[in-house]
Amino acid sequence: MIEFGDNGRTWVLSGAGVSYALHLTEHDELLHLHWGPRISLADAEELAAEPPPRASGFESPLDGREEYPVEGGARFVRPALSVRTAQVRGTEWRFADSSVDGDELRLRFVDGVHGLGITLHYRVRDDFDVIERWVTVAHQGDGPAVEVLRADGATWTLPVRDGWRLSQLHGRWAAESRLVRSDLTYGEKVLSSRRGHTGHQHLPWVALDAEGATEDHGQVYGCALAWSGSWRIAVQQLPDGAVQINGGAGYDDSGLVLLAAGESYTSPVFAGLWSEHGFGGASRAWHAWQLAHVIPDAGEVRPVLYNSWEATTFDISEDQQRALARRAAEMGVELFVVDDAWFGKRVSDRAGLGDWTPNPDRFPGGLKPLADEVHSLGMQFGIWVEPEMVNPDSDLYRAHPDWVQHHPGRRRTEFRNQLVLNLARKDVRECLWEQLDALLSSAPIDYVKWDFNRCFTDAGWPGEPYPQKLWVEHVAGLYALLDRLRAAHPGVAFESCSGGGGRIDLGILSRTDQVWTSDNTDPLDRLAIQDGFSQIHPARVMAAWVTDSPNTQLNGRISSLRFRFVSAMAGVLGVGGDLTEWSEEERAEARGWVELYKKIRPVVQGGELHRLRAPEGGLSAVQYVRGDDVVVLAWLQAQHYGEQPPAVRLKGIDPAAAYECLETGAVHRGSVLLHRGLRTGLRGDLDAAVFRLRRR
């Protein structure tokens, strides 16, 4: 719902339980009024009538109060918008008009010197508390080109409180999405990626709380960016205690785009959420909004997957894949995926990227015969690709060495023996479209794992007069290519991967069906990674695999199939071990776990998630609720001194109802499960269990 006052200069946007208010002064200063619990228009107008703070020669009356700070004038905070020409830098805008289109509010400003039109967009849906914000900057004049150094999606202003605390997700390859909380201090805290993709080091999300919010209680403010390239989120606490959060594309102010007359730039969405139900309530609100309005076909359950990478690596053959497929089908797997090395001259990571046709020695008849057999076994068929990359040893690179990102006269940096194609170029995108469209048309392919295995290092564009735009337009080109492929092949599902969790954000999630959370498949390490992931994203998109034990990829840890499966069942279950080496007993046990997962899958992938106990060394647990069904997954890292682990107290269930445990037939009162808890019976090291309960 969007309301505005009689003078048309005060606006209130309201969702299910949140309101957001702003006011335009007579001097065309756009001020933030409120973000939090629902308020009325009369409340907002009272806030707008409050006198401004007194100005001094060292402080600005706008700082900490302005809705979208621009560079220039009496402002000292980090600007959300910074533009320049050869003669003039900064913005001096005036209000032009406002409009409402359904659930979207648009406020338009103009800068007469630059000939710019600046539109602030706001969208809030009646049944959710997420507010989507973004900005459009358009060159509407006939003057010189305007360089946009920075155009953030939004500046979020928090109410003045004592003792703000910042939550963020940090990490690295194989250790992504780990949650850390720290006191917010004066000055700026900047999270960013300088790598050309979202990055393993930070997810583009922050949450702030004051007054001691917990998992279930207290007010939490969260912000998340929908952008899959380099980005920056800056959290700044001003000298008077006010807090503002900026976020957008680009990690610095070296330039995004150069706008000629008639051209425009639209920023990524920088979404904000307020919850009064603690961190758990904020997570569930983020999840529900993404399932309803971000993730494609979110109502469809994701299939149980088998991926052949860890079984075969680069030593791949059609007969070998057929043998793995038969083993996978016997276990109840629903989607069989051929990973790397099916294409070109790909016998190692030194060759083949860029040549997206089946290797004739390994697949003499192409992929169709294998795909047909996989389908005959009752499974879908998928493949791995890495279209944004090229090996120097490839037909594509030999034909078009100028298509990679590089700086003239500089050595081309190789990671994993590969270079990055410049998807900002139309000819590169067209070539990839032709290859991938032909590939998806050549065989009954149901799924594509889209990987991105190195960062930008030589992001140059020889011959382009404004090469900085590569950083933005590469991502725009990726989005356009994915959109085009999805439209042409609507039955194909896509998974985003970037060496694990290096490309996870709201932008890529709007174009893919699931994401690869981490290359780390160790079931114990995964618990912390998955816990952090759940702060912002739902289980419905979180791919997780069961792989071999010992874990030879990372740490050599030995764990049971039980522990590995229950860990991976917290999201979209997959299997990635070498099934030809699994014993008959192991395959039979795995078949049982797959059958169990299919029973709980609608609740795990579509239910509300409650974090019961964090994975901090002892007992941890997570719970899902959908209608009358409840699923609890519990893990015990280690038992100490022979002590029985504590009971797991459930959440989000009816205290007056009775719940039957479907495994044992035991009946528990809801109030008992809420206040005393559920005994798990776990013991020893690396034990795990699944509990299904149904309201009677």
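In what order do the 4 strands of the open sheet stand, and is their pairing parallel or antiparallel? The order is β1-β2-β3-β4, and the pairing is antiparallel. Strands (E, at least two residues) and helices (H or I, at least four) are DSSP runs, numbered from the N terminus. Two strands pair if DSSP finds at least two bridges between them. β1 (2–4) and β4 (30–37) stand at the edges with a single partner strand each, so one side of each has no neighbour in the sheet. Neighbouring strands are turned by 15° against each other on average, direction ignored. The model is predicted: local features need pLDDT of at least 70, side-chain atom pairs count only at pLDDT 80 or more, and totals for chains, interfaces and linings use all residues. Residues are numbered from 1 along each chain as its sequence is written, and side-chain values use heavy atoms, with hydrogens and water left out.

β1 pairs with β2 (residues 10–14) in the antiparallel sense over 3 bridges. Phe4 stands opposite Trp11 in β2. Helix α1 (residues 41–48) packs on this sheet. The helix touches β1, β2, β3 (18–24) and β4; contact means heavy atoms within 4.5 Å. The direction of α1 makes about 135° with that of β2. Axes are lines fitted to C-alpha atoms, for helices over the stretch in contact, and angles run from 0 to 180 degrees between N-to-C directions.

Another open sheet has 3 strands in the order β5-β10-β19, with antiparallel pairing. Its edge strands are β5 (81–84) and β19 (257–259), each pairing on one side only. The twist averages 30° from one strand to the next. β5 and β10 (residues 146–151) pair over 4 bridges in the antiparallel sense. Here Arg84 stands opposite Glu147 in β10.
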